Amino acid sequence: MNIERIKKIVLSLMTKNSIRKYYNRLKKTTKIKKLTSTQKFEIQKYYQDNYGVKVNTKWHEILYSISGVFRVDYMPFDVYHHLIESFSPFAFKKVLDDKVLYDWLLPNVQLPNRYYSSCNGVIYKYISGGG
């Protein structure tokens, strides 16, 4: 096994562990509003129709509990992690990890609406088509 493969495995495990820790911290500090079976169905339908995948609705539940707004197009962190792993070679992971590039990198993928973007710690108002 080469060093790049080992790096990729270690990074993947670290990312999954940090996502799990982040979820657990949010869950401890948030009063959880349970999703209805209809809401869960709508989420699964949205992700199946648009991306061909089934998602864990726990992130929707957390974000719904925090914001008070139910949306089927919330991007679950575990799906985000999987997309990054699938679309970006390990060497370019940090560069492609910047979601500001998604419109350019994935022109034919329906992405959630974005109102603000952050690049290198600077927050920008998002202008459609202009990035």
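Predicted model: local features only at pLDDT ≥ 70, side-chain atom pairs only at ≥ 80, totals over all residues.
In soluble globular proteins, nonpolar side chains tend to be found buried together. In this model, the largest nonpolar core consists of seven residues, namely Leu-35, Ile-43, Tyr-46, Tyr-47, Val-55, Tyr-64 and Val-79. The element that gives the most to this core is helix α2, which covers residues 37-51 and supplies three residues. Apart from this core lies another one, made of five residues, including Ile-19, Tyr-23, Leu-26 and Ile-62. To return to the largest core, one of its members is Val-55, and when neighbours within four places in sequence are left aside, Val-55 is in contact with Ile-43, Gln-44, Tyr-47, His-60, Pro-76 and Val-79.

The next stop is Ser-65, which has its place in helix α3, residues 58-67. Ser-65 counts as buried because its relative accessible area is 10%, and the cut-off for that word is under 20%. Its side chain reaches the backbone oxygen of Glu-61 at 2.7 Å, while Ser-65 also touches Thr-30, Lys-31, Ile-32 and Lys-33, if residues up to four places away in sequence are not counted.

Further along is Arg-71, found in the loop between α3 and α4, the latter being residues 77-87. With a relative accessible area of 28%, Arg-71 is described as partly exposed, since that term covers values between the 20% limit for buried and the 50% limit for exposed. The side chain of Arg-71 makes a polar contact with the side chain of Asp-73, at 2.7 Å. The C-alpha atoms of Arg-71 and His-60 are separated by 7.6 Å, although these two residues stand 11 residues apart along the chain.

Key: Residues numbered from 1 in each chain as written. Heavy atoms only, no water. Core = buried A, V, L, I, M, F, W, Y, C linked by side-chain atoms within 4.5 Å. Buried < 20%, exposed > 50% of the residue type's maximum accessible area, 1.4 Å probe, protein only. Helix = DSSP H or I, 4+ residues; strand = E, 2+ residues; numbered from the N terminus. Contact = heavy atoms within 4.5 Å. Polar contact = N/O pair within 3.5 Å; in protein donor to acceptor, adjacent residues only side chain to side chain.
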